[in-house]
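Here is a short report on selected local features of one protein chain. Please look at the strands and the surface together.

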Amino acid sequence: MARGFPYADLNAFLADLQRAGELHRVSAPVDPHLEISEIVTRTVRAGGPALVFDRPTRGDMPVAINLFGTERRMAMALGVSHLDEVGERIGSLVKPELPVGWAGIRDGIGKLLQLKAVPPKHVKTAPCQEVVYKGDQVDLNRLPGLQIWPDDGGIYHNFGLTHTKHPETGKRNLGLYRLQQHSHNTLGMHWQIHKDSTAHHAVAERLGQRLPVAIAIGADPVVSYSASAPLPSDIDEYLFAGFLRGERVEMVDCLTVPLQVPANAQIVLEGYLEPGERLPEGPFGDHTGFYTPVEDFPVLHVECMTTRKQPIYHSIITSKPPQEDLGLGKATERIFLPLLKIMIPDIVDYDLPAAGVFHNCVIVSIRKRYPKHAQKVMSAIWGAHLLSLSKLIVVVDEDCDVHDYAEVAFRAFGNVDYKHDLLITEGPVDHLDHSSYQQFWGGKAGLDATRKGPSEGYHRGWPEEMIMSPEVVARVDKRWREYGFK
């Protein structure tokens, strides 16, 4: 487990990264217009460290970035040595077995105590409100927002944790959305069609009401991750964050809107959306590797900005993979595997390739038991929450390592008769998908790369794959240096 976990705030996480040799500070002046983006992109692709730019030439605070750019740093953020540990912990909690004997009862009590400790905790004062700007004092130019790509529509704030409530039920949502700076006190809210905050806003507009919004920047790393996690709408992100931390998240009331935010955040923006108001947002160079076009989106009017006395501005770069969201995406992949296996017990393992920007491709292994089992799993995946946006599903047998892309390609290229094993359908796709001929829906494919048998119409006798005898492998291992190899 990481040394300082659970981290009280972003500062503690940065200190732990520095101790671990995972942080580099840039003391030279650096321009948030494109220059930071190019530095970060090179660093990510070299497998380099997290970065803090101490002297950005716009704004009056340092920029922290690439905090989650490797699986090691993502594991540190979540307090584990390997991301699968979080999934295993979730799996142990959701096992359906009844307790057996005293040991089982004791285990069950332990699980309940874990859950009891995790709801958010309300506090009256908070570091995030040490400095307060209201009304005419609000100036978003104090923040070193980034322009990442030359044709972006302007300055963007890319790691703002956005808080809303359902106007009728009061259910909270925490989401991570890009924010285009329109002026010194207005932001464009890029709320994609499938997101819960979009539903909150739709209800407020139907009722003719303003929608209060609060945006926290620079929360502790677990809260920051939780904002990106694809949780069902009935799961509170702060309950999830508390579970991951093993400790309750401290929350404070906002000063001007009826919402709560993480008390230890660096910066908080408070404001509202006027019903019916839209402004053009974009273009923006997104994680797909392409610019997303200009569309009309709601406008946040910021009426209050609070900060720490010495705040740190947290952001992220978006680009063609690989980029920092690799760590976030891989964490989601491993953490949600046990829950996915409960929904679809046929699954042995799965992989969301970064090159597929996590929603374009799913590789899944199954323990095949009957004809067209692979096609059944494809349909189940397309019905599983945000995996419904997946465009390509490749199904392999359980003896294939889904994380070994060369082995997956060997199966997908060699085990397939495309007339019989390719399923073509259509359905919802990601809001940002540029390849679909219509926005929001398009064609999908499922590829059955499993072994086939007579019950599926294959009567030739599936061949055996060549495997060297274990005795020879052991003999060659033992004599390897004798052959003159190192």
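## A strand and its partners

In β21, Asp-397 is the bridge partner of Ile-366. This is a predicted model: local features need pLDDT of at least 70, side-chain atom pairs count only at pLDDT 80 or more, and totals for chains, interfaces and linings use all residues. Residues are numbered from 1 along each chain as its sequence is written, and side-chain values use heavy atoms, leaving out hydrogens and water.

Strands here are DSSP runs (E, at least two residues), numbered from the N terminus. Two strands pair if DSSP finds at least two bridges between them.

| Strand | Sense of pairing with β20 | Bridges |
|---|---|---|
| β19 (residues 347–351) | antiparallel | four |
| β21 (residues 392–397) | parallel | six |

Asp-349 stands opposite Ser-365 in β20.

Why is β20 (residues 361–366) largely enclosed by the rest of the structure? Six of its six residues are buried, so the strand is largely enclosed. Buried means under 20% relative accessible area, exposed over 50%, and partly exposed in between (1.4 Å probe, protein chains only). Cys-361, Ile-363 and Ser-365 point one way from β20. Val-362, Val-364 and Ile-366 point the other way. In a regular strand the side chains alternate between the two faces of the sheet.

Now to Pro-230. Pro-230 is partly exposed, at 24% relative accessibility. Its C-alpha atom is separated by 7.8 Å from that of Thr-332, 102 residues apart along the chain.

Leu-422 is found in strand β22 (residues 422–428). Leu-422 is partly exposed, with a relative accessible area of 34%.
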